[in-house]
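Open the model in your viewer and keep the sequence panel beside it. The tour goes from the whole chain to a sheet, then to charged side chains and aromatic rings.

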Amino acid sequence: IQSRSGESVHNVTIQALGPLIDGCPIGDQTENQSVDGSRFRMHFKTEIEMSGWFFETGTEDISQDPVVFTVDALDSGGQWKQIATSFRRVNDDASMHYLLRPYATSRERRYQNRLPLLFTQP
């Protein structure tokens with residue numbers, strides 16, 4: 001994770017993180033959450049279906065908001081896969097769009113930034 005100020009984030013500065021389905025937060029499906037430096041881990045009670053994810057900015061100074069990040073998930077085969085990143089987004093036609101700048105994280109405090117998952121084309 002890299003912050004808006006350009007520094008590497010050694011401690012997560014987001015208020016919340018979670019899965020979305022059709023742009024809406026899924027009810028509390030988490031078994032537990034933990035923070036390990038710049039890693040925010042979520043463990044779910046059961047396998048879940050999701051089409052996106054969100055993170056909520058914290059109450060700290062905006063210079064600590066994450067603007068460069070990746071999101072990985074453990075698949076059913078036990079392999080870690082990148083499912084989201086600040087430098088790519090999926091267009092409506094399922095093509096990949098690469099951004100040449102960091103993600104435009106909202107400057108509003110406690111704001112829910114909602115992002116799609118990355119899916120490769122068949």
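Two strands count as paired if DSSP finds at least two bridges between them. Keep that rule in mind for the sheet. One caution before selecting anything: this is a predicted model.

**Stop 1: the whole chain**

Show the protein chain as a cartoon. It has 12 strands and 0 helices. From the N terminus on, the elements run β-β-β-β-β-β-β-β-β-β-β-β. Of the 122 residues, 30% are buried. Turn to contacts next. Among those in the protein chain with a separation of 6 or more, 63% are between residues 24 or more positions apart.

**Stop 2: the open sheet**

Select β3, β2, β6 and β12. These 4 strands form an open sheet in the order β3-β2-β6-β12, with antiparallel pairing. Which strands are at the edges? They are β3 (24-25) and β12 (112-116), each of which pairs on one side only. Strands of a sheet pair through backbone hydrogen bonds.

Zoom in on residues 52-57, which are strand β6. How many bridges join β6 to β12? There are 5, and the two strands run antiparallel. For one of these positions, pick Trp53: its bridge partner in β12 is Leu115. Remember Trp53 for the last stop.

**Stop 3: a salt bridge from the sheet**

Side chains of opposite charge can pair when their charged atoms come close. The count here comes to 3 salt bridges.

Select Glu56 and Arg110. They form a salt bridge, with the closest N and O atoms 2.6 Å apart. Glu56 lies in strand β6 and Arg110 in the loop between β11 (96-98) and β12, so the pair ties together parts that are 54 residues apart in sequence. Buried or exposed? Glu56 is buried, with a relative accessible area of 11%. Arg110 is partly exposed, at 47%.

**Stop 4: Asp65 and its partners**

Move to Asp65. This residue is buried, with a relative accessible area of 1%. The side chains of Asp65 and Arg4 meet in a salt bridge, 3.0 Å from N to O. Asp65 lies in the loop between β6 and β7 (66-68), while Arg4 lies in the loop between β1 (2-3) and β2 (14-21), so the pair ties together parts that are 61 residues apart in sequence. Arg4 is partly exposed, with a relative accessible area of 24%.

Arg109 is partly exposed, with a relative accessible area of 26%. Keep the three residues in view. Salt bridges that share partners join Arg4, Asp65 and Arg109 into one network.

**Stop 5: the aromatic rings**

Show the aromatic side chains. The count comes to 5 aromatic pairs. One of them is Trp53 with Phe69, an edge-to-face pair at 5.6 Å centre to centre, with 85° between the planes. Trp53 lies in strand β6 and Phe69 in the loop between β7 and β8 (70-74), so the pair ties together parts that are 16 residues apart in sequence. Both Trp53 and Phe69 are buried.

Together with Trp53 and Phe69, they form one aromatic cluster.

Note on methods. Residues are numbered from 1 along each chain as its sequence is written. This is a predicted model: local features need pLDDT of at least 70, side-chain atom pairs count only at pLDDT 80 or more; totals for chains, interfaces and linings use all residues. Side-chain values use heavy atoms; hydrogens and water are left out. A salt bridge is a side-chain nitrogen of Lys or Arg within 4 Å of a carboxyl oxygen of Asp or Glu. Buried means under 20% relative accessible area, exposed over 50%, partly exposed in between (1.4 Å probe, protein chains only). Contact means heavy atoms within 4.5 Å. Rings of Phe, Tyr and Trp (its six-membered ring) pair if their centres lie within 6.5 Å; planes under 30 degrees apart count as stacked, over 60 as edge-to-face and the rest as tilted.
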